[in-house]
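The following report examines the fold shown below.

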Amino acid sequence: MLLLISPDGVEEALDCAKAAEHLDIVDVKKPDEGSLGANFPWVIREIRAAVPEDKPVSATVGDVPYKPGTVAQAALGAAVSGATYIKVGLYGCVTPEQAIEVMQGVVRAVKDYRPDAFVVASGYADAHRIGCVNPLSLPDIARRSGADAAMLDTAVKDGTRLFDHVPPDLCAEFVRLSHDAELLAALAGSIKVADIGTLTRIGTDIVGVRGAVCEGGDRNAGRIQPHLVAAFRAEMDRHARECAAAVAAAG
């Protein structure tokens, strides 16, 4: 399981750089513009320069509307600015067909520029609160559009969490559907250390966190702490070992 950490700017990215050995992906977003709020191109460039070269930089394109051309241009801008993982929050897409049209434009724009870029179709566990596509439709949307991964996050940051809206058994189904489509499955949404065991057990490929590694557990007022990143990774590694041992013991 890969660990994706989301700093809110260059200063926090420098804190991530101090904990680079414990994380896998540095994710650039702007939380005050939404769950998957897009940051400025120059911030992406500065964060790319601030973290080790071997750590990929991810960038969110935003909680996007159903405007395929607009979103494709934004996604290309993120890639040109140095991101190799491009995440699109399908906030304004109310049908799978709309989401596929948006993601097809993103995939073409990004991969024409950089074929090795990694495109993530992101939906929302609390889709029922905002009227966008069903969470379990994301793997098929990602597959049909040529994306590389399907992701779930939460749209409304009001203290509710991923598992409050999509319980672990349905998250396991999301992961299974993603893997059947030959995609990576990413999960986020106020993930806590206590969730790592479940995420490991269901086969999650990428876990995205912010609040869990911020001072006081506060994604808005707190700041990312390198020692909390290290502690989160240590728990990930422990659960990975236990899961591997259980699989081996089972035959």
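## Helix packing

Is the crossing of α3 and α4 left-handed or right-handed? The crossing is right-handed, a term applied when the near helix is turned clockwise from the far one by less than a right angle. The model is predicted: local features require pLDDT of at least 70 and side-chain atom pairs pLDDT 80 or more, whereas totals for chains, interfaces and linings use all residues. Residues are numbered from 1 along each chain as its sequence is written, and side-chain values use heavy atoms, without hydrogens and water.

Helix α3 spans residues 68-80 and helix α4 residues 96-113; their axes lie 8 Å apart at an angle of about 30°. Axes are lines fitted to C-alpha atoms, for helices over the stretch in contact, and angles run from 0 to 180 degrees between N-to-C directions. Helices (H or I, at least four residues) and strands (E, at least two) are DSSP runs numbered from the N terminus. On the α3 side the contact (heavy atoms within 4.5 Å) includes V71, A75 and L76, and on the α4 side V102, V106 and Y113. By class, this contact has 12 nonpolar, one polar and one charged residues; the nonpolar class comprises Ala, Val, Leu, Ile, Met, Phe, Trp, Tyr, Cys and Pro, the charged class Asp, Glu, Lys and Arg, and the polar class the others, Gly among them.

## The barrel

Eight strands form a closed barrel in the order β1-β2-β3-β4-β5-β6-β7-β8, with parallel pairing. Pairing requires at least two DSSP bridges between two strands. From one strand to the next, the twist averages 25°.

Strands β1 (residues 2-5) and β8 (residues 206-209) run parallel and are joined by four bridges. L4 has G208 as its bridge partner in β8. Helix α8 (residues 168-180) packs on the sheet, where it touches β6 (149-153) and β7 (184-188), and its direction makes about 150° with that of β7.

## Cysteines and P139

The structure holds zero disulfides, defined as pairs of cysteine sulfur atoms within 2.5 Å. For C132, the nearest cysteine sulfur is that of C93, 8.3 Å away. The sulfur of C171 is too far for a bond, because the closest cysteine sulfur, in C132, is 15 Å away.

C171 counts as buried (under 20% relative accessible area, with a 1.4 Å probe and protein chains only), because its relative accessibility is 0%. C132 is also buried, at 9%.

P139 belongs to helix α6 (residues 138-145) and is buried at 2% relative accessibility. Its contacts, not counting residues up to four places away in sequence, include A150, F174 and L177. P139 and M151 are 12 residues apart in sequence, with their C-alpha atoms 8.3 Å apart.

Notes:
Buried means under 20% relative accessible area, exposed over 50%, partly exposed in between (1.4 Å probe, protein chains only).
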